[in-house]
Amino acid sequence: MSGSEQLPRPASRAPEPGMSRRGLLAGAAGAVGGTVLAFTFPETAQARSATGAAAPAPADTGGTVSFTSPTDHVLTGLTDIEVTAPAGTTAVRFSMDDVAFSELTDLYSQDIGLPPIWRTATDGGWFDPGEHTLTVEADTPAGRATQSVRVTTVRHPVQPAGRTVLDGGWLFATTADLPSGALTGDVPPASQPGFDETPMTKVLVPGAFGAVRDRWNDDKGTLGVYRRIVTLTAPEPGKRVLLTLESCFFACQVYVNGALAGTAQGGYLPETFDATEHLVDGDNLIAVVTDNRTSSLFQLNWSLYWNWGGLFAGVHLDTVPAAGLTGVTATGAADGTLTLHASGVNTTGAAQEIRAAVALFDPSGSPLPGQHVAFTLPAGSGVVDAPPVSFTVPSVQRWELETPRLYQVRVSPAGQPPVTVRAGFRDVAVVGDQIRLNGEALPQLRGFNRHTDYPGLGRCQPDGLAHRELEQLRDKGFRIFRPAHYPTTPAELAAADELGLLVIEEVNVTQVYNATTLTSPKVVGFAKDRLARMIRRDRGHPALIAYSVGNENGTESAQGADYVRQLTAHGKGLDPTRLYTHMTGWGSTDRAFAYDDFACTNIYDGWYTGTFADLTDPGAGTYSMVTIQQAAGGKPVMLSEYGADAVATATGYGKGTYYYQGLMIDEYHRLLAGRPGVAGTMYWTSSEFMLSPGSDSNPARPMPGFHTKGLQTYWREPKLGWRVMFSPGRIDEIDAVLTAPDGAVDKQVRITVREVLGRNARGTLQITPPPGTRADRTSIPFTLTAGGTWSTTVRLTGTAVANGATGEVHAVFDADTEAQPRLLKVVTLAPLEASFNSIGVTADGGTTASDFTQSGSCYSAQALAAAGIVPGGLVRTPDGQFTWPDVAAGRPDNVAATGQAIAVSGSGTALAVLGAATYGKQSGTGTLYYTDGTHTPFTLALDDWFTTSPTGGDHVAAGLHSYNVGARSVTRDVSLWSTAIPLDSTRTLSAVVLPTTTPPGAALHVFALTVV
């Protein structure tokens, strides 16, 4: 938002010793002034939830904590865990026997102002199989309360021969728990046999340790150590024992019986260590030192989401031959070519041929003719890759979005257990401005971005949870997504394969803005390693159509763009069957589009900057899809991010509300529908997620520590945007009802619904009239034909209780789908000066507070006078001559536009406007009313008062050199603007209904109007 005053943000706090995330966030919430208080709802929200959801009553548990889930005592796979607890409970903690596995706090509840939902999830297969005691411990106003139930856990699937699964209980501690120096040095004392484990806690692996117990969270990250004793039989001569961590974030040092087995960094992808030389027959100590300190992330932006740390995924030991396979993927092409990629170990000192039988099964499970293949493993340390092996499968059934057919491929290497994987036969390519699947152009896809972040789990994800959430999103209508901003889990990709969801998977290099840093050997080397590992693991998933080499990095320069060139070339050398792209935050100024197969751009017109209309306005500049498509050189362009924060308890209809989020989605869909070359739109994000304590993404309704753009809340409850996303209908804007000052209403209101998805639909129109008025009908069934419209009229009578009294009109199609609601407003007609509601000018050194901006900044009376602008004086501009408000400094002198009806009379070619915007250029749609009863919409756009260069049709009415913040005068250039709105010169103007904006935040301010 350069060039405009920034919306205020809460200050970050340095963590105090031993301070939990809850303590940090409580402090951050206080910094933004009372956001932990419950908010009231608009009257209409109680009925239809356009601006949020009515708060449920807190559960009355009689001072006890009680399980409501699981309902089955046998836990296998995904298991929901939920309890009720007394009002005022601040935290609940879950354990299985003595293994801690989750803690929930009331932080989100405090921020949002709703009673907490004490629900998390786990996987029964993560625990040692057998009978256990599941216990919850709650911090209640009356003290600590507990309850236990007996359960049985089952581990599926059956593991391959030679594998020892190490999921389950490990001892864990962070630096704060241990003696000084326990986790430092090349050989940390806490990694050694004989170390005193008394301060350590038994925790579940997999797990993000800060989600297991909140006290281990640290905004700047921390060192931690996991320890476990494993009883093993010494391997046979010639065998190797490999230790694999599926995801250790961010960096780790692995010790076996005190000896360093290896190190790794990056997280999310498997790391394998040869432990053979360090193991003994009997008890063996495995210790993993983890490091998620921000100082270890070398310029990677960790603040975009909470910095979880730990062993996010499984740990296992595998006994393999000295030359043997450790992994196989199968990639199918549309012509029936099946390519097998194998990786393994070979410590023999010479290349070795590994023969294998391949069994195939079609999507129905019927066997197909098998094959015999040979993989040549090169000699080397660590995991090595064999050259791929290909053969043809005749008459294949292709993997398609609506019919995602999958084949089973069982590879049986000689002397090793078989490996079964799946394959889908499909091609993906770019032709002109289209992305094509199996030679057919994909339609404009609707998609989403998804963080792995769930209450009580953090970045750790049960396989079943990924499948459940993706299935819900696919059933909703989504067809593409990006796991952001890092590689996802194999299970999430497998779910996408099954469901028919396309995936863009991303290397975790995000917002490295400095081009020198971005192209440094350290960052490029890290990114290439991440990309190679991601390709090795995930290339067998047909749903995966593209790799992103990073998000919003410094690619606006030729130097920064070279990062994309290097990474794309590296990736195509490893996997040429997929597309490559990067996610830009630079709009049309990005310099790396030449290296993309298709372009991906993150646009937030109407949220962080500008207006919705900028999205397709060729004159809007950098973040116009028009200019971005031109810069991309005719390649397909994916809108890879867009979205608006929305909080259930935010009142009204402006930014930060459910209503505004739905409006943004509806407007983006309207503007981009059918636009050639736009491959799709991907909403940011499917659900809310955690941020750093001092951060929030919603300046209109701060929620410190949480990102609230999600279509679902952190508790996975749907918002209005979720219901609007795939609405088959759109309600036309409804004209405001203009009244005399007494507010009396007797008006026929016309309502029109349009079908927008090309299919027949039925629904119910639901009308909540403005307070003080009545509608003759409040529930009206309707039917839409494909591409058709339906209209009706409703009589509104009564006396509006206030100027601007607002009702809502909803078109509901089912319990999960409705059109973006429209506002039904009663507006009292009044002169501009009678509508002044904002103080835009104060005297230097004065004590009057201004509400022109959230910070109290405003124009200086003395600076205006120096430019010749005084109360009651004339202001001459290229758009017309105005009379400056005849108001003393420190008094209301402008209209902050919130849909007011202004009496304006006269005939001419234009309505000239004198004013300014706050927090970036703003625009909105209003209505012009003529004396003959006709009316037309118009768009009012004004540049930001902190800007000095005009855009669009604006002109500088006055350039000033200082402004005021309270009694303080600040030297800085600011501007007053004029613009002109075309009129029908054959008719006489009678009134203007101004756009609705959100003062004192992002708003349009009008000081004067004149017909010219």
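Analyst: Two strands pair if DSSP finds at least two bridges between them. The model discussed here is predicted.

User: How many strands make up the closed barrel?

Analyst: The barrel runs from β33 through β34, β35, β36, β37, β38 and β39 to β40, with parallel pairing. From one strand to the next, the twist averages 25°. The number of strands in the closed barrel is eight.

User: Which residue in β38 is the bridge partner of T584?

Analyst: Strand β37 covers residues 579-584 and strand β38 covers residues 599-602. The two strands run parallel and are joined by two bridges. In β38, the bridge partner of T584 is T601.

User: At roughly what angle do the axes of α5 and α6 cross?

Analyst: Two packed helices are described by the angle between their axes and the distance between the axes. The axes of α5 and α6 (residues 490-499) come within 8 Å. Their crossing is right-handed. The angle is roughly 35°.

User: How many charged residues does the contact of α5 with α6 have?

Analyst: On the α5 side, the residues in contact are D463, A466, H467, L470, E471 and R474, and they meet A491, E492, A495, A496, E498 and L499 in α6. By class, six residues of this contact are nonpolar and one is polar. The number of charged residues is five.

User: How many residues apart in sequence are the parts tied together by R163 and D318?

Analyst: The structure holds 45 salt bridges. In one of them, the side chains of R163 and D318 meet at 2.7 Å, N to O. R163 lies in strand β9 and D318 in strand β21, so the pair ties together parts of the chain whose separation in sequence is 155 residues.

User: Is D318 buried or exposed?

Analyst: Buried means under 20% relative accessible area. R163 has a relative accessible area of 29%, so R163 counts as partly exposed. The value for D318 is 13%, so D318 is buried.

User: In which strand is D385, the residue linked to R536 in helix α8?

Analyst: R536 forms a salt bridge with D385, and the closest N and O atoms are 3.0 Å apart. The pair links distant parts of the chain, 151 residues apart. R536 is partly exposed at 28% relative accessibility, and D385 is partly exposed at 40%. D385 is in strand β26.

User: Which residue meets R537 in a salt bridge?

Analyst: The side chain of R537 is 2.7 Å, N to O, from that of its partner.

User: What is the relative accessible area of T122?

Analyst: T122 has its place in strand β6, residues 118-123. Leaving aside neighbours within four places in sequence, T122 is in contact with G77, L78, T79, I81, F101, F127, L204 and P462. T122 is buried, and its relative accessible area is 1%.

Methods. Residues are numbered from 1 along each chain as its sequence is written. This is a predicted model: local features need pLDDT of at least 70, side-chain atom pairs count only at pLDDT 80 or more; totals for chains, interfaces and linings use all residues. Side-chain values use heavy atoms; hydrogens and water are left out. Helices (H or I, at least four residues) and strands (E, at least two) are DSSP runs, numbered from the N terminus. Axes are lines fitted to C-alpha atoms, for helices over the stretch in contact, and angles run from 0 to 180 degrees between N-to-C directions. A salt bridge is a side-chain nitrogen of Lys or Arg within 4 Å of a carboxyl oxygen of Asp or Glu. Buried means under 20% relative accessible area, exposed over 50%, partly exposed in between (1.4 Å probe, protein chains only). Contact means heavy atoms within 4.5 Å. A crossing is left-handed if the near helix is turned anticlockwise from the far one by less than a right angle, and right-handed if clockwise. Ala, Val, Leu, Ile, Met, Phe, Trp, Tyr, Cys and Pro count as nonpolar, Asp, Glu, Lys and Arg as charged, and the others, Gly among them, as polar.
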